[in-house]
Amino acid sequence: MAVCKKYITAEELKKHNKREDLWISVQGKVYNVTDWIKQHPGGDIPILSLAGQEATDAFIAFHPGTAWKYLDNFFTGYCLQDYEVSEVSRDYRKLCVEFAKAGLFEKKGHGVICSFCFIVFLLFLTFYGVLFSDSFLIHMLCGALLGLTWMQISYLGHDSGHYVIMTTRGFNKMVQILSGNCLTGISIAWWKWTHNAHHVACNSLDYDPDLQHLPVFAVSPNLFKSLNSMFYGRELTFDSLAKFFVSYQHFTFYPIVCISRVNLFVQTLLLLFSKRKVPDRFLNILGILIFWTWFPLLVSTLPNGTERVLFVLTSFAVTGIQHVQFCLNHFAADVYVGQPKGNDWFEKQTAGTIDIDCSPQMDWFFGGLQFQLEHHLFPRLPRCQLRKISPIVQELCKKHNLPYRSLSFYEANKWTIRTLKVAAMQARGLLWEAVNTHG
């Protein structure tokens, strides 16, 4: 085990916060991960977001115990001179140890098998109805079933992206490509790239890509300042077009979300054919080609153009429910501007998430993501364990006077629309000011 011989301050550590000179601290020990980010399985964005900082809680959240032994390879010999652990972090780390000892991270239950069977059943009904029925209503029902199938597939892909759901990592990767690329047309590489950044920088307006939806949506007036996206490496321009769209976003939210899948298809293609390093690029492209073979062929078997368009729109609208859920979990929560801080990991997750209160019978529909805070705190925890740990997380939040928000699906929608409306009214004021100024 590496032993500390020299010490540096947190201010000195902050100087090593660039891609070409990148240090982090884990449990007070300082590591040089400049070269490691090029091969980090979780990508470079999560490490860059916490560059030059103490990052113990984030490291614990995303890595199994087997990862600790690799840290010594990057040890600089330095330790943080002013390293302290807050009471919140101390309790959080204690919970992680207790959950690990209880085997909760390994107990996946029968959820994966049940999900596979359910997905196969839904796909069978969809194809059978489209190919062997002449009924317009049956075809529309099949479109809805396909949308529901995509929702369930996405949950399975999400699980496989956070922890190994299969017997080996090779089989796990196969499930990721199959569930993401082949069956939904959305690249698992794109998902990992954006999702890992979202988890690390939860609700940071300039670091979290899940809140960067200009020109169509803005959850905070801070986005009116044309912030620079640290994720995309470009300005989030709030121009006249953005002012117009945002001014009516509380009306356009649901219609746009119904077709938001088109944006995911575009984002997938932009990444896969970009110059950015993409893990398993060939497999990702092959999977996308498979999707764009079977999906158009299935749609083409419908009797006329009207049914084909309505079938696609129906499938997109149903799976849009899932996109709404993603927004409910974060849009109305607290936001901030700036780099995420490694020393307030627990606090940032509680501030930036909203749970959806539902009965256990509806867990399949929400895919475990109704326990958004629990998932953000323990992303490697199988979804079947999230309901079990929820009371423990609530008690910890209560102990440290931190928010734990759990709303009904209806109330969460109200909160989200209210948030969008508040920003819209402020944008509308800017819009009319611009119109009056320029005639």
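Let's start with a pocket: helix H8 gives the largest share of the lining of the second largest pocket, six residues. Helices here are DSSP runs (H or I, at least four residues; strands are E, at least two), numbered from the N terminus. A pocket is an open set of points on a 1 Å grid over the protein atoms alone, with protein on both sides within 12 Å along at least five of seven lines. Lining residues have an atom within 4 Å of a point.

Before I go on: this is a predicted model, where local features need pLDDT of at least 70, side-chain atom pairs count only at pLDDT 80 or more, and totals for chains, interfaces and linings use all residues. Residues are numbered from 1 along each chain as its sequence is written, and side-chain values use heavy atoms, leaving out hydrogens and water.

Back to the pocket. Its volume is about 1,200 Å³, counted as the space filled by probe spheres set on the points, which are joined across faces, edges and corners. The lining has 44 residues. Trp190, Asp210, His213, Leu264 and His323 lie nearest the centre. By class, the lining has 20 nonpolar, 21 polar and three charged residues. Nonpolar covers Ala, Val, Leu, Ile, Met, Phe, Trp, Tyr, Cys and Pro; charged covers Asp, Glu, Lys and Arg; the others, Gly among them, are polar. Helices that each supply at least two lining residues include H6 (136-162) and H13 (305-328).

Next, the cavities. A cavity is a set of points where a 1.4 Å probe fits but cannot get out. There are two of 30 Å³ or more. H6 gives the largest share of its lining, three residues. Among the residues lining the largest cavity are His158, Asp159, His162 and Arg383. The second largest cavity is about 40 Å³. Its lining has four nonpolar, one polar and three charged residues, with Lys341, Asp344 and Lys348 among the lining residues.

Now helix H5. Which residues of H5 are buried? They are Val112, Ser115, Ile119, Leu122, Leu123, Thr126, Gly129 and Val130. Buried means under 20% relative accessible area, exposed over 50%, partly exposed in between (1.4 Å probe, protein chains only). Seen down the axis of H5, the buried residues fall within an arc of 135°, so they line one face of the helix. That arc is taken from the directions from the helix axis to the C-beta atoms. On the other side of H5, Ile113, Val120, Phe124 and Phe132 are exposed.
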